[in-house]
Amino acid sequence: MKIETRLDQNYRTIIPTKYVEEYKLEEGDIVQWNENEKGELTITFKKSNLFS
(Lines give C-alpha, C1' and ligand atoms only; values in the text may rest on other atoms or scores of the structure.)
Protein backbone atom coordinates (compact mmCIF):
# COMPACT_ATOMS: atom_id res chain seq x y z
CA MET A 1 0.00 0.00 0.00
CA LYS A 2 1.26 3.47 -0.81
CA ILE A 3 0.04 6.57 1.01
CA GLU A 4 1.42 9.99 0.13
CA THR A 5 1.54 13.13 2.25
CA ARG A 6 2.88 16.58 1.43
CA LEU A 7 5.32 18.76 3.38
CA ASP A 8 4.12 22.20 4.39
CA GLN A 9 6.26 25.35 4.33
CA ASN A 10 7.82 24.35 7.68
CA TYR A 11 8.67 20.82 6.43
CA ARG A 12 5.89 19.21 8.49
CA THR A 13 3.60 16.47 7.25
CA ILE A 14 0.47 14.72 8.49
CA ILE A 15 0.55 11.13 9.76
CA PRO A 16 -2.20 9.35 7.81
CA THR A 17 -5.33 8.54 9.83
CA LYS A 18 -4.88 4.84 9.07
CA TYR A 19 -1.66 4.80 11.14
CA VAL A 20 -2.94 7.11 13.87
CA GLU A 21 -5.81 4.69 14.47
CA GLU A 22 -3.83 1.47 13.94
CA TYR A 23 -1.07 2.46 16.39
CA LYS A 24 -3.38 4.43 18.73
CA LEU A 25 -1.18 7.51 18.40
CA GLU A 26 -1.76 10.50 20.63
CA GLU A 27 -0.34 13.98 20.99
CA GLY A 28 3.18 13.76 22.40
CA ASP A 29 3.98 10.31 20.99
CA ILE A 30 7.36 9.98 19.28
CA VAL A 31 8.03 9.30 15.59
CA GLN A 32 11.46 7.78 14.91
CA TRP A 33 12.99 7.94 11.42
CA ASN A 34 15.62 5.24 10.83
CA GLU A 35 17.75 4.88 7.69
CA ASN A 36 19.76 1.71 7.09
CA GLU A 37 23.00 1.37 5.15
CA LYS A 38 21.05 0.80 1.91
CA GLY A 39 19.24 4.12 2.34
CA GLU A 40 15.93 2.43 3.17
CA LEU A 41 13.78 4.39 5.60
CA THR A 42 11.63 2.90 8.36
CA ILE A 43 9.32 4.86 10.63
CA THR A 44 8.61 3.69 14.18
CA PHE A 45 6.03 5.07 16.59
CA LYS A 46 6.73 5.13 20.33
CA LYS A 47 4.34 6.06 23.10
CA SER A 48 5.57 9.03 25.08
CA ASN A 49 6.47 8.55 28.72
CA LEU A 50 5.11 11.78 30.14
CA PHE A 51 5.01 10.37 33.67
CA SER A 52 8.41 8.66 33.81
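Author: Glutamate 22 pairs with lysine 18 in a salt bridge whose closest N and O atoms are 2.8 Å apart. The model in which this pair is seen is a predicted one. Both partners belong to helix H1, residues 17-22, and because they are four residues apart there, about one helical turn separates them. Glutamate 22 has a relative accessible area of 43% and is partly exposed. Lysine 18 is likewise partly exposed, at 33% relative accessibility.

A further salt bridge joins glutamate 26 to lysine 47, with 3.8 Å between the closest N and O atoms; the cut-off for a salt bridge is 4 Å, so this pair is counted. Glutamate 26 sits in the loop between H1 and E1, while lysine 47 sits in the segment after E2, so the contact ties together parts that are 21 residues apart in sequence. With 57% relative accessibility, glutamate 26 is classed as exposed, whereas lysine 47, with a relative accessible area of 41%, is partly exposed. Through salt bridges that share partners, Glu26, Asp29 and Lys47 are joined into one network.

Arginine 12 and aspartate 8 form another such pair, and their closest N and O atoms lie 3.0 Å apart. Here arginine 12 is exposed at 52% relative accessibility, and aspartate 8 is partly exposed at 31%. The count for the model comes to five salt bridges.

The surface also has a nonpolar part. Ile15, Val20, Val31, Trp33, Leu41 and Ile43 make up a nonpolar surface patch, with about 510 Å² of accessible area together. Two elements, strand E1 (30-35) and strand E2 (41-46), each give two or more residues to this patch. Tryptophan 33 belongs to strand E1, and its relative accessibility of 54% places tryptophan 33 in the exposed class, because exposed means over 50%.

Trp33 leads on to the largest pocket. Among the 21 residues lining this pocket, Ile15, Pro16, Trp33, Ile43 and Phe45 lie nearest its centre. The space in the largest pocket is about 500 Å³. E1 and E2 each supply at least two residues of the lining, and E2 provides the largest share, four residues. By class, the lining of the largest pocket consists of 14 nonpolar, three polar and four charged residues.

Technical notes
Residues numbered from 1 in each chain as written. Predicted model: local features only at pLDDT ≥ 70, side-chain atom pairs only at ≥ 80, totals over all residues. Heavy atoms only, no water. Patch = residues over 30% accessible without salt bridge, like charges linked within 9 Å, V, L, I, M, F, W, Y side chains within 5 Å. Areas by Shrake-Rupley, 256 points an atom, 1.4 Å probe, with all protein chains shown as cover. Salt bridge = Lys/Arg side-chain N within 4 Å of Asp/Glu carboxyl O. Buried < 20%, exposed > 50% of the residue type's maximum accessible area, 1.4 Å probe, protein only. 1 Å grid on protein atoms, 1.4 Å probe; cavity = no way out; pocket = protein on both sides within 12 Å on 5 of 7 lines; lining within 4 Å. Points joined across faces, edges and corners; volume = space filled by probe spheres on them. Nonpolar A, V, L, I, M, F, W, Y, C, P; charged D, E, K, R; others polar.
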